[in-house]
2 protein chains.
Amino acid sequence: MADPWLTIGALSQRSGVAPSALRYYESQGLLTAERTSGNQRRYRRSTLRRVAFIRAAQRVGLTLDEVAEALRTLPEGRAPTKADWSRLSRSWRPRIDAQIARLELLRERLDGCIGCGCLSLRSCTLWNPEDRAADEGTGAVRLEPAAPRRANRDG
Amino acid sequence: MADPWLTIGALSQRSGVAPSALRYYESQGLLTAERTSGNQRRYRRSTLRRVAFIRAAQRVGLTLDEVAEALRTLPEGRAPTKADWSRLSRSWRPRIDAQIARLELLRERLDGCIGCGCLSLRSCTLWNPEDRAADEGTGAVRLEPAAPRRANRDG
DNA sequence: CTCGAACCTCAACCTCACATGAGGTCAACC
DNA sequence: GGTTGACCTCATGTGAGGTTGAGGTTCGAG
């Protein structure tokens, strides 16, 4: 049978995640590894699923901090079961729903603006998302802050 | 009647965008300003709409580089018309559609994974990183966190 | 004219999620 | 035992989109 331990290179190959990223995850408390007498990392096979979970969570939009927090709710002492993983990933659903809803609202407003051609800071819901009303010319107009972006490449 | 020129503080207040951000936009070629004899910025009132456009574009997921490129297609010499702004913002529509489609696919996969309980690295499309290339292939925008980060505003 | 608030530039710093490189060590095969 | 490649730590870099602070200048009300 195969060696139950994975080197960082093996884990990297099998997960598609760069070694530098795996070390970074460890530094952030998302992964743990045993060490050889020569200080090299040796991962349990269950780490594979943990890494998969991390990547999936990132795709849903969680930060690594949030992923770490979620992982801390896993039971200590025993290997996580399907139910454990399912519980965690089920919690992502509302987040995705919210993201979709936000985008649909944006699209709706965009359509409205193109349709009506208003494009006015005072009256247009796209430019003026918080519905700060159409005061006189000197009224305060607030725009929403920009949506954060994360451009990310894989190794 | 009011002064047709806006100071950076006034523009900041009326747009909700920090002065430091406005200076940054100028450094990136998104805004221009006249200067007083004492080197202080004075913005035309049309800059207000330009700033609104920038923020709206960011919400749709454009980078400032892309916004700058879009703004360069505006006519020089004359003030942009409704048709000009409409043309630019209409081009955002497919981008929003794509983002929504991507999220819906993710949600579908998430449902499938929770439903079937597979949670397998080899068979589950959610965990499986192999189709990530296809997913991100066309200059994809990454997912955004549900709660947008708020930038500080010095006002 | 005075004075404080607002403005200026420039440089340094921040977050996030890593990548890269230097300089050195370990493990496995021949 | 030698070689080679994989591994180690630590420091520094990346990029987007800014913020913060120092040190100095300008504006405009009184």
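1. Confidence in chain A. The mean pLDDT of chain A is 77, and 71% of its residues score at least 70. Within chain A, the element with the highest confidence is strand E2 (residues 41-42), at 98, whereas helix H6 (residues 93-116) has the lowest, with a mean of 81. Over residues 129-155 of chain A the pLDDT falls below 50, although this stretch still has 45 contacts in the model beyond near neighbours in sequence. Where pLDDT is low, the predicted coordinates should not be read in detail.

2. Layout of chain A. The chain holds six helices and two strands, and along the sequence these follow one another in the pattern α-α-β-β-α-α-α-α. Of the 155 residues of chain A, 27% count as buried. If one takes the contacts in chain A between residues at least 6 apart in sequence, 44% of them join residues that are at least 24 apart.

3. The contact of H1 with H3 in chain A. How do the axes of helix H1 (residues 8-15) and helix H3 (residues 46-60) of chain A cross? The two axes come within 10 Å and cross at roughly 50°, and because this angle lies between 35 and 65 degrees, H1(A) is oblique to H3(A). The crossing in which H1(A) passes H3(A) is right-handed. On the side of H1(A) the contact is made by Leu11(A), Arg14(A) and Ser15(A), and on the side of H3(A) by Thr47(A), Leu48(A), Val51(A) and Ala52(A). Sorted by class, the contact of H1(A) with H3(A) has four nonpolar, two polar and one charged residues.

4. Asn39 in chains A and B. Asn39(A) has a positive phi of about 75° although it is not a glycine, and for Asn39(B) a positive phi of about 75° is likewise found, again in a residue that is not a glycine. For a reader new to such angles, the background is that most residues other than glycine have a negative phi. Asn39(A) sits in the loop between strand E1 (34-35) and E2 of chain A, while Asn39(B) is in the loop between strand E1 (34-35) and strand E2 (41-42) of chain B. Is Asn39(A) buried or exposed? Asn39(A) counts as exposed, because it has 6 C-beta neighbours inside 10 Å and the limit for exposure is 12 or fewer. Asn39(B), with 6 C-beta neighbours inside 10 Å, also counts as exposed.

5. Gly61 of chain A. This residue is placed in the loop between H3 and helix H4 (64-72) of chain A. Gly61(A) has 22 C-beta neighbours inside 10 Å and therefore counts as buried, since the limit for burial is 20 or more. Gly61(A) and Arg87(A) are 26 residues apart along the chain, and their C-alpha atoms are separated by 17 Å.

6. Leu110 of chain A. Leu110(A) lies in helix H6 of chain A, and with 20 other C-beta atoms within 10 Å it is buried. From Leu110(A) to Ser89(A) the separation is 21 residues in sequence and 32 Å in space, taken from C-alpha to C-alpha.

7. Ile54 of chain B. Helix H3 (residues 46-60) of chain B contains Ile54(B), which counts as buried because 26 C-beta neighbours lie inside 10 Å. Which residues does Ile54(B) touch, not counting residues up to four places away in sequence? On that count Ile54(B) touches Tyr25(B), Leu30(B) and Val67(B).

8. Gly112 of chain B. Gly112(B) is found in helix H6 (residues 93-116) of chain B. It counts as partly exposed because it has 13 C-beta neighbours inside 10 Å, a number that falls between the limit of 12 or fewer for exposed residues and that of 20 or more for buried ones. Gly112(B) and Asp84(B) are 28 residues apart in sequence, and the distance between them in space is 44 Å, C-alpha to C-alpha.

Technical notes. Residues are numbered from 1 along each chain as its sequence is written. Chains are lettered from A and ligands numbered from 1 in the order in which they are written. This is a predicted model: local features need pLDDT of at least 70, side-chain atom pairs count only at pLDDT 80 or more; totals for chains, interfaces and linings use all residues. Helices (H or I, at least four residues) and strands (E, at least two) are DSSP runs, numbered from the N terminus. pLDDT is the predictor's confidence in each residue, from 0 to 100. Two residues are in contact if their C-beta atoms, placed from the backbone, lie within 7 Å. Axes are lines fitted to C-alpha atoms, for helices over the stretch in contact, and angles run from 0 to 180 degrees between N-to-C directions. Angles under 35 degrees count as roughly parallel, over 145 as roughly antiparallel, 65 to 115 as roughly perpendicular and the rest as oblique. A crossing is left-handed if the near helix is turned anticlockwise from the far one by less than a right angle, and right-handed if clockwise. Ala, Val, Leu, Ile, Met, Phe, Trp, Tyr, Cys and Pro count as nonpolar, Asp, Glu, Lys and Arg as charged, and the others, Gly among them, as polar.
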